[in-house]
Amino acid sequence: MRNESKNAVRKAACILKALSLSGIDGEELGQLAALCELPKATTHRLLASLMQEHLVTRVPQTRRYILAPTGHFQLNESQFRLMHSRRLRSVIAGLPLQENDAVFLLARSNNSAICIDAYFGNEIIPSLTQGVGGRIPLGFGPGATMILAGCEDETINGVLQKKRPKRQYEILIENIARAKASGYTTDQGAFINGVGGVAVSIPERNIGTGLVLGVALSIKDHPVGIYDTLGKILLDAVSTTQPKAAAS
């Protein structure tokens with residue numbers, strides 16, 4: 001019995017390893033079975049168990065499986081479509097970024113923001129979420145603050161009442177106000193030395209659930225005024241992710 005349990009763990013670990021290498025594109029059942037040298041029935045049974053434990057999720061309207069982001073968060077169909085849309089990829093490719101900057105896609109998960117996709121440059125720039133699946137509290141950094149600014153007043157007030165360094169509290173107040181007035185949030189290196197950030201919300205009517213597009217940038221590689229400039233560019237860019245209106 002013990003040996004059977006060990007074998008099941010090894011097989012499940014092989015599936016998780018294969019999915020981690022496949023990234024957000026995922027793998028179909030047959031391909032997973034081949035990669036792990038397992039019968040399809042065994043692979044299917046293990047996938048069902050992994051999905052029950054919220055370690056794996058099914059890509060909506062496909063036969064592919066991907067690793068689930070941590071913390072029982074699952075992508076809905078519209079979020080997944082947006083992640084893979086040509087419009088979003090075109091937006092990211094057109095941003096005035098340097099070779100080591102990064103772009104993140106964030107979603108709200110209870111009282112935190114979770115990174116559901118990331119695009120890195122030549123090097124992995126330090127970031128608050130540290131990549132896909134990473135979580136940060138609402139109000140911590142420009143992306144999570146952009147999400148917070150769109151929440152109900154009760155949630156905003158609850159976050160503001162939490163203890164934090166005075167300067168971070170002041171930045172949070174400023175960013176919530178900026179988000180509501182200008183539509184974007186910024187960080188000029190207050191959280192990670194030498195790394196700044198800008199974030200905007202992707203219009204909700206496009207995807208049903210609000211997502212935030214954030215940029216982490218190396219401060220030394222950009223001019224002083226990059227934050228407001230990039231904020232306005234991002235705002236204009238995410239408007240192109242809207243589907244075209246149907247002809248009347």
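## A walk from a hairpin to a helix

Let's start at one pair of residues: Ser109 has Ser112 of strand 5 as its bridge partner. Keep in mind as you look around that this is a predicted model. The Ser109–Ser112 bridge belongs to a hairpin formed by strand 4 and strand 5, with 2 residues between the strands. Strand 4 covers residues 102-109 and strand 5 covers residues 112-119. The two run antiparallel and are joined by 7 bridges. As a reminder, the strands of a sheet pair through backbone hydrogen bonds, in either a parallel or an antiparallel way.

Now look at the turn itself. Asn110 lies in the loop between strand 4 and strand 5, and its phi is near 60 degrees, a positive value in a residue other than glycine. Is Asn110 buried or exposed? Asn110 is exposed, with a relative accessible area of 62%. Strand 5, on the other hand, is mostly covered, with 7 of its 8 residues buried. Strand 5 also pairs with strand 6, residues 135-137, in the antiparallel sense over 3 bridges.

Strand 3, residues 64-67, pairs with strand 1 over 2 bridges in the antiparallel sense.

Glu37 sits in the loop between helix 2 (29-36) and helix 3. Phi of Glu37 is near 55 degrees, again a positive value in a residue other than glycine. Glu37 is exposed, with a relative accessible area of 73%.

Our last close-up is helix 9, residues 226-238. This helix has 13 residues and reaches 18 Å from its first C-alpha to its last, close to the 18 Å expected at 1.5 Å a residue. Its buried residues are Ile226, Tyr227, Leu230, Gly231, Leu234, Ala237 and Val238. Seen down the helix axis, these buried residues fall within an arc of 130 degrees, so they line one face of helix 9. The general rule behind such patterns is that an α-helix has 3.6 residues a turn, so residues three or four places apart point the same way. On the face of helix 9 turned away from the buried side you will find the exposed residues Lys232 and Asp236. What lies over the buried residues of helix 9? The cover includes helix 5 (86-93), strand 7 (184-192), strand 8 (195-202) and strand 9 (211-218).

Finally, step back to the whole protein chain. Its secondary structure comes to 9 helices and 9 strands. Of its 248 residues, 45% count as buried. Among contacts in the chain with a separation of 6 or more, 54% are between residues 24 or more positions apart. The chain exposes about 13500 Å², and carbon and sulfur atoms supply 50% of that area.

Technical notes: Residues are numbered from 1 along each chain as its sequence is written. This is a predicted model: local features need pLDDT of at least 70, side-chain atom pairs count only at pLDDT 80 or more; totals for chains, interfaces and linings use all residues. Side-chain values use heavy atoms; hydrogens and water are left out. Two strands pair if DSSP finds at least two bridges between them. Helices (H or I, at least four residues) and strands (E, at least two) are DSSP runs, numbered from the N terminus. Buried means under 20% relative accessible area, exposed over 50%, partly exposed in between (1.4 Å probe, protein chains only). Contact means heavy atoms within 4.5 Å. Accessible areas come from the Shrake-Rupley method with a 1.4 Å probe; for residues, only the protein chains shown count as cover. The expected span of a helix is 1.5 Å times one less than its number of residues. The arc is that of the directions from the helix axis to the C-beta atoms.
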